[in-house]
Amino acid sequence: MLSGDQVNEIIVEVENVPSGVQSHPSSSQIVPEQTLANSSFSLVSSISDIDVTDSQIFSNWNDKKGKQFLRFSAPVNESFSQTLHSSDSMGLDTPCTSHENIQGQKLIASLIPMTFRDRIKTIRNQPRTMEEKRNLRKMVDKEKSKQPRRILEFNGCAQCLNSISLAYRRSKNSLSELFNSISLWQKTFKVIGGKFGTSVLSYFNFLRWLLKFNIFLFIVTFSFIIIPQLTMAKKNHLQFTGLEFLTGAGYFSDTVMYYGFYTNTENQHGSSGTSYNMQLAYIFTVGACLVVCFFSLLFSMARYFRNNFINPHIYSRGIAKLIFCWDFTVTLKSAVKLKQKNLSTEIRENLSEIRQENVKLTLNQQLIRFSAHLAAWVVSTGVTIACCVAVYYLAKKNTEFLANHSNPGEVLLLPFVVSCINLVMPRFYSMFRLVERYEMPRHEVYSLLIRNILLKLSIVGILCYYWINIVALDGKECWETLIGQEIYRLLLMDFVFSLTDSLLGEFLRRIIGLRLITSLGRQEFDIARNVLELIYSQTLVWIGIFFCPLLPFIQMMTLFIMFYVKNISLMMNFQPLSKAWRASQMMTVFIFLLFFPSFTGALCTLAITIWRLTPSADCGPFRGLPFFIESIYRWIDTLSQSRRYLWVVWIYQNLVSSVHFFFILTLIVLIITYLYWQITEGRKIMIRLLHEQIINEGKDKMFLIEKLIKLQDMEKRASPTLFTPDTRDVEQSGPLRVREHDAARDLRFRRSVQEDNPKA
């Protein structure tokens, strides 16, 4: 035990620690590092609540040998005593002693001179709870801040890097917590994933990703195009009838919704203020949105590809996660049930894929399956071509039809027919599953995705050709606004059809399957059809953002409504997939389809519009110019006359308008894609070799055990008297012998299974 003087004042001798170097134990240190790392002092959460601001806890001085002495005064000893006497709240079973008090003081004294990284590492290695470690770190930081600067022997560069690293980690954690707190529909996603699996959940993940995408597009266009135009807008004298919500014409034609409303004048703020060029703002804002979309899609594809194709955990099917990673902090009964349901669904998906991979077909079955697939693809391609031809001729006749009729509701004929095709034909393609009979559900989804995207984007391509070569060259007044109205009607009609199908069609299908034709039962969620609806609508938004800057806002509202409608319909009208399968790689496929051909097609359409078409002479910010891009050419000519902006001219001439730059950029993207692909193939080879090594090791162990058993039997037959045990030895070795025979039988069974099926 310690005397009273020792309790009131304890001196701990610590070596001087150079900056950036971890301290090592020496003979002059009272407490070695291992003792500190393994000490069982009871410094817990109550330490952070101790008020020691009124007294100086540490005083220090240097002796002639350059050693440091840290003196703990009475208040800190009292604080440790309060901490040690609160062992009941900590759940400690050992009695608190003054020895633990001393160990805690020594640990704090040893942590203070360390660098930030070493201190965090030492605290992390302590056998304490997270709360205790957090409070210990706060206590050390508090005492460290009270030390004079001459004790903390950090040089300026190291201290600056330490501060920057700490600020970066704190800001990163804060942003992560902020994004998690504002993340939409987290609980709903857990419910969907637990009941319907990750395959259905991938659709809702994709919908939320598109919603965030359109929120960004709306913020950018609203800030740099719509708000400046509103400050210069004139009063709208057209009458509002309500039919504009369907047709997009009438009152809306003279608003910021369409291209024709925007002016080509410069907005001057004050007599000597800067001017706001609407031409440059319009084209640069649209261009910036497309560039951000391009790089965001590339980054998202790379991130999902790395997570779902390159990381090795995908090849182990997440077995370690399912077995060893139960979150014991989940205590709520409903949360526990939801977690159990999620785990059971993941196990079912893994087992289903293992079973489907082991299915082998005979040659006749493969020929029949190939013939069915070929016939289905021929029929689906022919139907797609017929639909595209019908839409093209309908669009041509629609121009003549509208010229001879004045009813405003007749403009909905073309969007109505296109929406009917997009609603009926995917269901027709889904019926091919009765003939094709894919063993892997993922292959069925991929085939439906390809057929649907060929149909939908072919129709969009036909409409773009109609707009660029017929509407734009027809000489009509403000043809840009007419195209914007057409795209608005297509987007709105597609939303109305999707909403009606979810609320009425899927409900009627459930009634028929449960009451009229009970053999049908509930239907399964069609992932391919629903995903292609999202890709189709987003393609229209990218094409129409130049002609209708408010389209991202309309798409944002439709996606928000469709999430709740689809969620309610999913819970009421659908059943889980009969063939469970993991959809960890589906988001990569969805984003790839969104990038190509959806985004690339929209980008090509807008490029042709900006570089080749002549703007309307009486409306829009580019009126009077031979081409839309001419505004950029004139702006660069103006900047070239000023010395201050020559760097902007150089960037435009050598990067933006240079073919070599885009060639090099494309080459870099292809090289990165190739490297990712090679890494994926290397990981697959590595996993296969490791599996073969595990199988070979099992065979070696089985061979050695069989040899050992044969050797024992031979020795027993050669000298049976030596192997005649007494009763006691038999009783002791009997269970061991039984376990050896059981193990041998188990290994033989494993070897037979491995020889029959090496993948097992």
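Predicted model: local features only at pLDDT ≥ 70, side-chain atom pairs only at ≥ 80, totals over all residues.
Let me start with the cavities. How many cavities of 30 Å³ or more are there? The count comes to eight. The largest cavity has a volume of about 130 Å³.

Who lines the largest cavity? There are 13 lining residues. Nearest the centre lie Asp494, Ser498, Leu534, Ser537 and Met562. Six of the lining residues are nonpolar, five are polar and two are charged.

Take α9 first. Helix α9 spans residues 186-232. Its axis and that of α19 are 10 Å apart, and the packing angle is about 10 degrees. Angles under 35 degrees count as roughly parallel, so α9 is roughly parallel to α19. On the α9 side, the contact uses Ser199, Val200, Ser202, Tyr203, Phe206, Leu207, Leu210, Phe213, Asn214 and Leu217. On the α19 side, the residues are Ile527, Asn530, Val531, Leu534, Ile535, Gln538, Val541 and Trp542. By class, that contact has 13 nonpolar and five polar residues, with no charged ones. Note Leu534. This residue of α19 meets α9, and Leu534 is also among the residues nearest the centre of the largest cavity.

Now α21, residues 586-612. The axes of α19 and α21 come within 9 Å. They cross at roughly 25 degrees. With the cut-off for roughly parallel at under 35 degrees, α19 and α21 are therefore roughly parallel too. Which hand does the crossing of α19 and α21 have, left or right? Right-handed. From α19, the contact takes Ile527, Val531, Ile535, Gln538, Thr539, Trp542 and Ile543. From α21, it takes Phe590, Leu593, Leu594, Ser598, Phe599, Ala602, Thr605 and Leu606. The class count is eleven nonpolar, four polar and no charged residues.

Where is the cis peptide bond? Look at the step from Phe596 to Pro597, with omega near 15 degrees. Pro597 sits in helix α21 itself.

Cys478 is not a glycine, yet its phi is positive, about 55 degrees. This cysteine lies in the loop between α17, residues 441-471, and α18.

Last, a third packing. Helix α6, residues 116-124, packs on helix α7, residues 130-145. The angle is about 145 degrees and the axes are 10 Å apart. This crossing is right-handed. Arg119, Ile120, Ile123 and Arg124 come from α6. Lys133, Leu136, Arg137, Val140, Asp141 and Lys144 come from α7. What are the classes in the contact of α6 with α7? Four residues are nonpolar, none is polar and six are charged.

Technical notes. Residues numbered from 1 in each chain as written. Heavy atoms only, no water. 1 Å grid on protein atoms, 1.4 Å probe; cavity = no way out; pocket = protein on both sides within 12 Å on 5 of 7 lines; lining within 4 Å. Points joined across faces, edges and corners; volume = space filled by probe spheres on them. Nonpolar A, V, L, I, M, F, W, Y, C, P; charged D, E, K, R; others polar. Axes fitted to C-alpha atoms, helices over the stretch in contact; angles between N-to-C directions. Helix = DSSP H or I, 4+ residues; strand = E, 2+ residues; numbered from the N terminus. Parallel < 35°, antiparallel > 145°, perpendicular 65-115°, else oblique. Left-handed = near helix turned anticlockwise from the far one by under 90°. Contact = heavy atoms within 4.5 Å.
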